[in-house]
Amino acid sequence: WEFNGSFYQPSAFLMMGIPGLEALHHWISISFCALYLIALLGNSMILFIIKKTQSLHEPMYYFLSMLAVTDLGLVLCTLPTTLGVFWFNMRRIGFDACLAQMYFIHILSFIESSVLLAMAFDRFIAISHPLRHPSILTKTTVIKIGLAIVLRGMVSLLPIPFLLKRLTYCGRTELSHSFCFHPDIMNLACGDIKVNVFYGMIILLSTVGMDFIFIVLSYILIIKTIIGLATKEECLKALNTCVSHICAVLVFFIPMIGLSMIHRFGKNVPPLVNTLVAYTYLIIPPALNPIIYSIKSSHIHEALLRALQRKSE
């Protein structure tokens with residue numbers, strides 16, 4: 001412990017695996033390893049295919065590349081500590097290292113939310129204004145959108161580590177997960193955390209919350225446009241281009257909203273439920289997104305088959 005008058009700060013936190021199932025951590029780690037491996041290979045494959053396939057150099061696939069990079073970042077942020085806990089029972093993480101991990105996890109989560117919004121905007125323009133789509137979403141515009149997304153995440157979350165560092169901690173050092181999460185660290189403090197709660201809620205609502213609202217509005221406009229199409233075949237064809245994105249949105253936002261609600265209001269929720277929702281939020285989307293797009297996107301699917309055929313030859 002570092003002592004400075006009445007100010008106490010732990011030198012380290014203790015991470016938690018799955019409460020009540022500590023004896024089975026080695027067996028449980030097999031499923032985690034499989035998910036991490038799928039996420040790493042799947043997202044790397046998506047990036048490789050988009051880079052090597054000239055026909056995929058379009059806004060939709062540029063945004064998909066951003067999503068894949070973000071998912072790889074989330075995996076690399078949580079993989080060392082999660083497998084360290086499950087394999088070697090390495091529960092200790094330094095205070096500053098925990099804040100750094102937390103910062104990058106939240107940045108990448110916010111970036112993923114914003115990329116999903118950009119993809120929804122791309123689908124809206126492609127369906128509602130197909131002739132103007134190439135002129136509206138040029139390569140330069142996509143790059144600017146990407147930079148704006150990253151800057152928004154970095155700047156909006158920059159005060160969070162400093163707000164946590166100013167708090168006084170009093171005895172409890174055990175986190176609820178095998179990674180560092182802002183509400184989890186904040187709840188270990190014994191001082192006034194109203195500023196942290198207020199700022200965290202404002203940032204969450206003004207970024208992820210607004211992203212979700214605009215995604216819903218985009219799909220309302222998309223559905224309105226699709227209904228106005230002449231034939232049933234055109235409607236189904238237009239809607240089919242959105243299926244992958246809709247699945248990615250649901251896979252990301254449902255566990256994120258659930259985890260946020262548990263941390264804010266679920267004081268009596270069993271620790272096991274809290275832990276499972278947290279792992280679902282951070283591990284399942286990076287593993288499922290490349291599978292979803294490989295199956296549902298005909299262009300990705302065809303490019304993948306061509307790449308596999310070239311290797312077999």
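**Exercise 1. A pair inside the structure**

Both Arg123 and Asp122 are buried. This is a predicted model, so let us look at how such a pair sits in it. Work out which contact Arg123 forms with Asp122, and how far apart the closest N and O atoms are.

*Solution.* 
Step 1. Recall the general idea: side chains of opposite charge can pair when their charged atoms come close.
Step 2. Apply the cut-off: a salt bridge needs a side-chain nitrogen of Lys or Arg within 4 Å of a carboxyl oxygen of Asp or Glu.
Step 3. Check the distance. The closest N and O atoms of Arg123 and Asp122 are 2.9 Å apart, and the two residues form a salt bridge.

**Exercise 2. A bridge between α6 and α3**

Find which parts of the chain are tied together by the pair Lys165 and Asp96, then decide whether Lys165 is buried, partly exposed or exposed, and do likewise for Asp96.

*Solution.* 
Step 1. Start with the contact: the side chains of Lys165 and Asp96 meet in a salt bridge, at 2.7 Å from N to O.
Step 2. Locate the partners. Lys165 belongs to helix α6 (residues 159–165) and Asp96 to helix α3, so the bridge ties together parts that are 69 residues apart in sequence.
Step 3. Bring in the cut-offs: buried means under 20% relative accessible area, exposed means over 50%, and partly exposed lies in between.
Step 4. Sort the residues. Lys165 has 31% relative accessibility and therefore counts as partly exposed. Asp96, with a relative accessible area of 51%, is exposed.

**Exercise 3. Helix α3 and its neighbour α2**

Describe α3: how many residues does it have, and how far does it reach? Then say how α2 is oriented relative to α3.

*Solution.* 
Step 1. Take the length. α3 has 34 residues and reaches 50 Å from its first C-alpha to its last, close to the 50 Å expected at 1.5 Å a residue.
Step 2. Look at burial. In α3, 28 of the 34 residues are buried, so the helix is largely enclosed by the rest of the structure.
Step 3. Turn to the packing. Helix α2 (residues 59–88) and helix α3 (residues 95–128) have axes 9 Å apart and pack at an angle of about 160°. Since that angle is over 145 degrees, α2 is roughly antiparallel to α3.

**Exercise 4. Two views of α5 and α8**

Which salt bridge do the side chains of Asp211 and Arg152 meet in, and at what distance from N to O? Next, find how α5 lies relative to α8.

*Solution.* 
Step 1. Asp211 and Arg152 meet through their side chains in a salt bridge, 2.7 Å from N to O. This pair links distant parts of the chain, with Asp211 in helix α8 (residues 194–227) and Arg152 in helix α5 (residues 139–157), 59 residues apart.
Step 2. Compare the accessibility of each partner. Asp211 is at 2% relative accessibility and so counts as buried, whereas Arg152 is partly exposed, with a relative accessible area of 30%.
Step 3. Consider the helices themselves. The axes of α5 and α8 come within 11 Å and cross at roughly 165°. That makes α5 roughly antiparallel to α8, and their crossing is left-handed.

**Exercise 5. Helix α1**

Check how the span of α1 agrees with its number of residues, and find how α1 lies relative to α11.

*Solution.* 
Step 1. Helix α1 (residues 25–52) has 28 residues, which should span 40 Å at 1.5 Å a residue; its end C-alpha atoms are 40 Å apart, so the two values agree.
Step 2. Look for buried residues in α1: among them are His25, Phe32, Tyr36 and Ile50.
Step 3. Met45 also has its place in α1; with 24% relative accessibility, Met45 counts as partly exposed. The C-alpha atoms of Met45 and Ala68 are separated by 9.3 Å, though these residues are 23 apart along the chain.
Step 4. Finish with the packing. α1 and helix α11 (residues 271–296) have axes 8 Å apart and pack at an angle of about 45°. That makes α1 oblique to α11, and α1 passes α11 in a left-handed crossing.

Methods. Residues are numbered from 1 along each chain as its sequence is written. This is a predicted model: local features need pLDDT of at least 70, side-chain atom pairs count only at pLDDT 80 or more; totals for chains, interfaces and linings use all residues. Side-chain values use heavy atoms; hydrogens and water are left out. Axes are lines fitted to C-alpha atoms, for helices over the stretch in contact, and angles run from 0 to 180 degrees between N-to-C directions. Helices (H or I, at least four residues) and strands (E, at least two) are DSSP runs, numbered from the N terminus. Angles under 35 degrees count as roughly parallel, over 145 as roughly antiparallel, 65 to 115 as roughly perpendicular and the rest as oblique. The expected span of a helix is 1.5 Å times one less than its number of residues. Buried means under 20% relative accessible area, exposed over 50%, partly exposed in between (1.4 Å probe, protein chains only). A crossing is left-handed if the near helix is turned anticlockwise from the far one by less than a right angle, and right-handed if clockwise.
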